[in-house]
Amino acid sequence: MTLHDVIVAVFLFLFFASLLAQKTVSPEGKASAFEIKTDEGKTYVYPSGFKGKVDIKSGGHFYTLEIKNGKAAVISADCPDRLCVRTGKIWLPGEKIICLPGKLIVTVKGKETLDAVNR
Amino acid sequence: MRSTAKNKSFSFSGIKIAFLASLAISLNAVEELFLPAVPLPGVSFGLNNAIFLVFLNSLSFAEIAAVQALKVFVSALLFKGFNPIALFLSASGALSATAVLAAYKKYLYGTSFTLVTASILMAVFHLTAQIAAASLLVGNGAPFVYLPVSGMAAVVFGTAVGVVAGKAERAFNR
């Protein structure tokens, strides 16, 4: 491993780290809701305070989403790779769980700080 | 006589392609065992990239492409039940990794950018292409939300595979 390799590795790592930092530090406020979009074009919104399990059908696949303590996770899926289940819990505004075979997208929606000030 | 020579050369190339593809598929099988432990969408260890890196000196672009194609189709059949989405994602990643490897071989091979750089670039391009392909399937840029964390993991895994491949290449050429 030469100095040039180290430069490439460090540069790319820092590039991705800066993308992550930008996403994490950006002031999107607190999580206010979980938005679920299905392949059929339906959109469901659950407040972050909701507690329970939601069964969803999207693109011919069945998923179960659990919302608890302000966090959401796909706990079961009948698709072959189950990447969405492996993604685990999401709770920060902007975070997503994407289930590709069924094209299901779960997004954490942020509560804008400005809204809180206005209220 | 000429046709016999041609056939011999083709069959040698065919055996080489089949041999390397079987090695790559075997490494894919090993990877499939451990991947469920990694909770990062789109991330793979890229163990099979080591095959291309170790034998890069003796592989033409066509041979790399042939090995990649065989690996993608057989792996999709064996490990993903020939799922068309998995096949599309896998093919787009392999295509991108092949293109970047060909560019590396043409412009950087033999310079101070060693196989570690090639491995990192393959891992990063493979991931980015898969995320782009996933975005195409979903119809929006949502999958790019995974790029930062998965990209950092790709750099780490790419470095590790590149270091091991570099050592293996030196051992083979000794």
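**Entry 1: K103(A)**

I looked up K103(A) and found it in the loop between β6 (96–99) and β7 (104–111) of chain A. The model is a predicted one, and I keep that in mind for every entry. K103(A) has a positive phi of about 50°, although it is not a glycine. I noted this since most residues other than glycine have a negative phi. Is K103(A) buried or exposed? I counted 21 other C-beta atoms within 10 Å of K103(A). The cut-off for buried is 20 or more, so K103(A) is buried.

**Entry 2: N69(A)**

Next I went to N69(A), which sits in the loop between β4 (61–68) and β5 (71–77) of chain A. Phi of N69(A) is near 55°, again a positive value in a residue other than glycine. N69(A) has 10 C-beta neighbours inside 10 Å. A residue with 12 or fewer is exposed, so N69(A) counts as exposed.

**Entry 3: the sheet with β3, β4 and β5 of chain A**

I then followed the strands on either side of that loop. In chain A, 3 strands form an open sheet in the order β3-β4-β5, with antiparallel pairing. Which strands are at the edges? They are β3 (52–58) and β5 of chain A, and each pairs on one side only. Neighbouring strands of the sheet are turned by 30° against each other on average, direction ignored.

I took the pairs in turn. β3(A) and β4(A) pair in the antiparallel sense over 7 bridges. I56(A) has Y63(A) in β4(A) as its bridge partner. These two strands, β3(A) and β4(A), form a hairpin with 2 residues between them. In that turn, G59(A) has a positive phi of about 55°.

β4(A) and β5(A) also run antiparallel, and 6 bridges join them. In β5(A), V74(A) is the bridge partner of L65(A), and A73(A) is the bridge partner of E66(A). The hairpin of β4(A) and β5(A) has 2 residues between the strands, and N69(A) from Entry 2 is in its turn.

Last, I checked where the side chains of β4(A) point. They alternate along the strand. H61(A), Y63(A), L65(A) and I67(A) point to one face and are buried.

**Entry 4: two helices of chain B**

I moved to chain B and looked at how α4 and α5 pack. Two packed helices are described by the angle between their axes and the distance between the axes. Helix α4 (residues 84–107) and helix α5 (residues 115–138) of chain B pack at an angle of about 145°, with their axes 8 Å apart. The crossing of α4(B) past α5(B) is right-handed. On the α4(B) side the contact includes I85(B), F88(B), L89(B) and Y104(B). On the α5(B) side it includes A118(B), L121(B), F125(B) and L137(B). I sorted the residues of this contact by class and got 16 nonpolar, 5 polar and no charged.

I also checked A103(B), which lies in helix α4 of chain B. A103(B) has 14 C-beta neighbours inside 10 Å. That count falls between the cut-offs of 12 and 20, so A103(B) counts as partly exposed. The C-alpha atoms of A103(B) and V72(B) are separated by 21 Å, and the two residues are 31 apart along the chain.

**Entry 5: where the chains meet**

How many residues does each chain bring to the contact? Chain B brings 29 residues and chain A brings 27 residues. On the side of chain B that touches chain A, the elements that give two or more residues are α4, α5 and α6 (147–173). The largest share of that side, 8 residues, comes from α6(B). By class, the side of chain B that touches chain A has 21 nonpolar, 7 polar and 1 charged residues.

**Entry 6: the nonpolar core**

I finished with the largest nonpolar core, which has 76 residues. C99(A), I120(B) and V124(B) have the most contacts inside this core. Which element gives the most to the core? α5(B) does, with 14 residues. I listed what V124(B) touches, leaving out residues up to four places away in sequence. The list is L12(A), G151(B), A154(B), V155(B) and G158(B).

How values were computed: Residues are numbered from 1 along each chain as its sequence is written. Chains are lettered from A and ligands numbered from 1 in the order in which they are written. This is a predicted model: local features need pLDDT of at least 70, side-chain atom pairs count only at pLDDT 80 or more; totals for chains, interfaces and linings use all residues. Helices (H or I, at least four residues) and strands (E, at least two) are DSSP runs, numbered from the N terminus. Axes are lines fitted to C-alpha atoms, for helices over the stretch in contact, and angles run from 0 to 180 degrees between N-to-C directions. A crossing is left-handed if the near helix is turned anticlockwise from the far one by less than a right angle, and right-handed if clockwise. Two residues are in contact if their C-beta atoms, placed from the backbone, lie within 7 Å. Ala, Val, Leu, Ile, Met, Phe, Trp, Tyr, Cys and Pro count as nonpolar, Asp, Glu, Lys and Arg as charged, and the others, Gly among them, as polar. Two strands pair if DSSP finds at least two bridges between them. A nonpolar core is a set of buried Ala, Val, Leu, Ile, Met, Phe, Trp, Tyr and Cys residues joined through C-beta atoms within 7 Å.
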